[in-house]
Amino acid sequence: MKNFSLFPKQLAAWRRLLGVTALLLAFTFAKAQYAPVVVNGSACSADGTYVPFGEVDGKPSFLNFLTFQAIQWSSGVGAWSIYDINTQQAFYSAFADTPLPPCAGWIDLYGFCGAITVTGGCTAPCTSVTW
């Protein structure tokens, strides 16, 4: 019997293909209740378009199916976070109790990810705070 394990390059290609497929399905079947959130300017690969995908702690959750990152509210912490789904590592947090991810107040948790611009979940583009 042959071993049909995938090499890392093929696995990465399949992961991207699945991500694109999931993104297309999300756009096709998602309720048009919330607009996508767009993140730009990150040096830590947080850039991209995040589409609405369910709710977490009573607020909408947004996923980037190409990078497998999310923007979610955490009521325990009292903050919105942009984080990697696989590693559960947060890149940015915004300590604002808002119905949607805010455009301002994003804190670079590593100190080298850079200031970001977030649009779609707020009324105007704003730049985040870098500490």
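Tutor: Happy to; we will start with the strand, then turn to the disulfide and the salt bridge.

A word on the ground rules: this is a predicted model, in which local features need pLDDT of at least 70 and side-chain atom pairs count only at pLDDT 80 or more, while totals for chains, interfaces and linings use all residues. Residues are numbered from 1 along each chain as its sequence is written, and side-chain values use heavy atoms, with hydrogens and water left out.

Let's look at β1, which spans residues 37–40. Strands here are DSSP runs of E with at least two residues, numbered from the N terminus. In a regular strand the side chains alternate between the two faces of the sheet. In β1, Val37 and Val39 make up the covered face, whereas Val38 and Asn40 belong to the uncovered one.

Now for the neighbours of β1. Strands count as paired if DSSP finds at least two bridges between them. β1 runs antiparallel to β2 (residues 48–56), and 3 bridges join them; here Val37 stands opposite Tyr50. β1 is also antiparallel to β8 (residues 117–119), again with 3 bridges, and there Val39 has Val118 as its bridge partner.

Next comes the disulfide, defined as a pair of cysteine sulfur atoms within 2.5 Å. The structure holds 1 of these: Cys44 is joined to Cys113, with an S to S distance of 1.9 Å. Because Cys44 sits in the loop between β1 and β2 and Cys113 in the loop between β7 and β8, the pair ties together parts that are 69 residues apart in sequence. The torsion about their S-S bond is about -90 degrees, so this disulfide is left-handed. For accessibility, buried means under 20% relative accessible area, exposed over 50%, and partly exposed in between, using a 1.4 Å probe and protein chains only. Cys44 is buried at 11%, and Cys113 is buried at 0%.

Finally, there is 1 salt bridge in the structure, a term for a side-chain nitrogen of Lys or Arg within 4 Å of a carboxyl oxygen of Asp or Glu. The partners are Asp97 and Lys59, whose closest N and O atoms are 2.3 Å apart. This pair links distant parts of the chain, 38 residues apart: Asp97 is in the loop between β6 (90–94) and β7 (107–108), and Lys59 is in β3 (residues 59–64). Asp97 is exposed, at 62% relative accessibility, whereas Lys59 is buried, at 12%.

Key:
Helix = DSSP H or I, 4+ residues; strand = E, 2+ residues; numbered from the N terminus.
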